[in-house]
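Please read it alongside the sequence and the structure shown here.

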Amino acid sequence: MYRISPHIRTFALALLAGAGLATLWVNLDPGSYYDFIEWRISDLVLPDWVWAGSVSLTPFMIVADILMALFFFLIGKELWEAMTLERGSLSGRRAILPLGMTAGGLIGAGAGWLILSALLETAEEAVRGGGWQAPLGSDTLLVCLFGRMVFGRRPALHLVMLLAIATDILALVILGLSNLAFSPRLMWLLVTLASALVVHRFFGRSPGAGATERERRAAAALWPYAIAGAFCWFGVAAAGLPATLGLLPLLPAIAHADRSFGLFAEAESFLHDPLNRLIRLLVWPVILILFLFGLIRGGVDLAAFAPTTLVMLGALWVGRPVGMALVVLMLAAIFGSRLPRGLRVRDLVLSVMLLSIGFTVPAVAIEASLPGGAMREAARMGMAISLLAGPIAVLVARALLRRGQGPSAPTP
């Protein structure tokens, strides 16, 4: 198993620090907390052909819709490399298990929400059959943080990280498509497509062996990607899709390495291709962004417990694991019972437990899929309780280790 970048732990701790401060703030002085996150810094009035209505710049909008696009660009890069580069984790038959488990987890979480909400939900503002998008996502950073404690440097850590990234990105795509309104606004996606194609045509190709020094310097420039990224983001946001995904269409257009070293591999810090250089420039800004996201969207009102809390928790802790387990059984029946080299059944069980964490993406989805303040706060509490799946998985792994049945000693 390769060495994972130490920045992942810093990212996770920054997110938790912001959420912890927000929870303390919202329970001690809720009025000032909500005044802060809903503070209307400015109202931008744009032409109807550009944007439907005015745009209110609030701390939530700036952090969740604009700045978090940089974080999803960072994790999207890992998924893109796993799919397209040599030795990528999602190349060939290696994609069957991760993609199957991801799809099973998404279906299970959504179905779990619908079933439990029909049985338990009592909120007056609840919409029948609505809100199923809220529990679809997981949390890449926290899954990685606890995964290192559970698996150390075993191959199972690579699997659970891949599942978390794919789950988060696909959950946001599903959220956007489920709320998509077919209108002329979708034409703005042409701006996204054109900007990616143009920057790839003139800057996104690695210079050949006979390239001049001027051509090599042009190929190494990063400013064209920054400009194209702004156009990509605007095209996605103006089209009505989740703005947090606005930078992902740029990934195929950026010159990158020719092989994958693994998800968040520390070795990539020594690569000099434009994509890896961009990621290194984003590390410290993303640490601050994750702290701000935890502060803006991580506050949990401890008095908000309601049936919606149980619905959210049940979708994450019951619906997702059941969906993933059914897919694993189906794949075993179709392709045989052998697991990939280095993986055991208990590794899959612990991975499913870790994927029951829901935080970053559910925090975004709650705002877009649930009505009313009280219902959202109750769902956010269920999301916060789901974080206990991480420590529980660590305790289970250590108990198995003491009994001589678990993996080799985990490395925090």
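Trp 25, Tyr 33, Tyr 34 and Phe 36 form one aromatic cluster, where rings of Phe, Tyr and Trp (its six-membered ring) pair if their centres lie within 6.5 Å. This is a predicted model, in which local features need pLDDT of at least 70 and side-chain atom pairs count only at pLDDT 80 or more, while totals for chains, interfaces and linings use all residues. Residues are numbered from 1 along each chain as its sequence is written, and side-chain values use heavy atoms, with hydrogens and water left out.

**Aromatic pairs**

- The whole structure contains 6 aromatic pairs.
- One of them joins Trp 25 and Tyr 33, whose ring centres are 5.4 Å apart with planes at 75°, an edge-to-face arrangement (planes over 60 degrees apart; under 30 is stacked and the rest tilted).
- Trp 25 is partly exposed at 27% relative accessible area, whereas Tyr 33 is buried at 2% (buried is under 20%, exposed over 50%, partly exposed in between, with a 1.4 Å probe and protein chains only).
- Trp 188 and Phe 234 also pair edge-to-face, with centres 5.3 Å apart and planes at 85°.

**Helix contact**

- The axes of helix H1 (residues 7-28) and helix H5 (residues 140-151) come within 9 Å and cross at roughly 120°, helices being DSSP runs of H or I with at least four residues, numbered from the N terminus, and axes being lines fitted to C-alpha atoms over the stretch in contact, with angles from 0 to 180 degrees between N-to-C directions.

How values were computed
Helix = DSSP H or I, 4+ residues; strand = E, 2+ residues; numbered from the N terminus.
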